[in-house]
Amino acid sequence: MAPTFHIREATPDDVATYEKEPESVKATPELLRKNLFETPFAHALLAFNGTAESPAEPIGLALYFFNYSTWTGRPGLYLEDLYVKPENRSQGVGKAFFGHLGKIAQEKNCARLDWSVLKWNQPSIDFYEKRLGAKPMPEWMGMRLEEEGIENLKKFL
């Protein structure tokens with residue numbers, strides 16, 4: 001059976017589509033337009049119900065960017081966010097996103113496709129390991145500095 005959805009690259013006109021909960025994120029439509037399209041620090045794929053010729057509502061998002069590995073000497077693709085509406089899960093949308101990301105990674109000669117998943121999100125972990133064949137990286141621990149921490153780095157100059 002053919003999928004009842006399609007995936008395409010996001011455009012500036014799509015930014016308004018994801019303004020559903022403006023109070024819960026810092027990313028304004030202006031920041032998204034600037035950082036996805038004017039100075040493309042990241043890229044986005046969108047999934048829609050319907051066909052490419054007759055799209056309906058958006059049902060998913062994959063946001064990614066490229067990094068570089070000194071270990072492999074090649075670029076990598078980092079999946080920052082993957083979201084599929086709950087009512088559209090188990091319909092192949094997630095697998096289709098990964099299919100598109102894999103194609104992009106190969107076109108860009110990426111050695112790896114990386115992403116993080118919250119430890120409590122067992123359904124997603126099971127999907128990644130069992131359906132995609134992904135492997136956890138227990139020897140790595142994520143680290144982060146947010147704005148205040150970044151500001152504090154000035155003391156080392």
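A nonpolar patch is made of nonpolar side chains joined within 5 Å, from residues with over 30% relative accessible area and no salt bridge. The views below show a predicted model.

**View A. A nonpolar patch on the surface.** Four residues form this patch: Leu 145, Ile 150, Leu 153 and Phe 156. Together they have about 420 Å² of accessible area. Ile 150 belongs to helix H4, which covers residues 147–152.

**View B. The salt bridge of Glu 151 and Lys 154.** The closest N and O atoms of Glu 151 and Lys 154 are 3.1 Å apart. Glu 151 is partly exposed at 45% relative accessibility, whereas Lys 154 is exposed at 53%. The structure holds 5 salt bridges, and two others are shown in Views C and D.

**View C. The salt bridge of Asp 14 and Arg 8.** The side chains meet at 2.8 Å, N to O. Asp 14 counts as buried because its relative accessibility is 9%, and buried means under 20%. Arg 8, at 31%, counts as partly exposed.

**View D. The salt bridge of Glu 57 and Lys 85.** Here the closest N and O atoms are 3.8 Å apart. The pair links distant parts of the chain, 28 residues apart: Glu 57 is in strand E3 (residues 55–69), and Lys 85 is in the loop between E4 and H2. Glu 57 is partly exposed, with a relative accessible area of 38%; Lys 85 is also partly exposed, at 24%.

**View E. A right-handed β-α-β unit.** The unit consists of E4, helix H2 (residues 93–107) and E5. Strands E4 (residues 74–84) and E5 (residues 112–115) pair in the parallel sense over 4 bridges. Leu 77 stands opposite Leu 113 in E5.

Methods: Residues are numbered from 1 along each chain as its sequence is written. This is a predicted model: local features need pLDDT of at least 70, side-chain atom pairs count only at pLDDT 80 or more; totals for chains, interfaces and linings use all residues. Side-chain values use heavy atoms; hydrogens and water are left out. Two strands pair if DSSP finds at least two bridges between them. Helices (H or I, at least four residues) and strands (E, at least two) are DSSP runs, numbered from the N terminus. A crossover is right-handed if, with the strands pointing away from the viewer, the path from the first strand over the helix to the second runs clockwise. Patches are made of residues with over 30% relative accessible area and no salt bridge: like charges are joined within 9 Å, nonpolar side chains (Val, Leu, Ile, Met, Phe, Trp, Tyr) within 5 Å. Accessible areas come from the Shrake-Rupley method with a 1.4 Å probe; for residues, only the protein chains shown count as cover. Buried means under 20% relative accessible area, exposed over 50%, partly exposed in between (1.4 Å probe, protein chains only).
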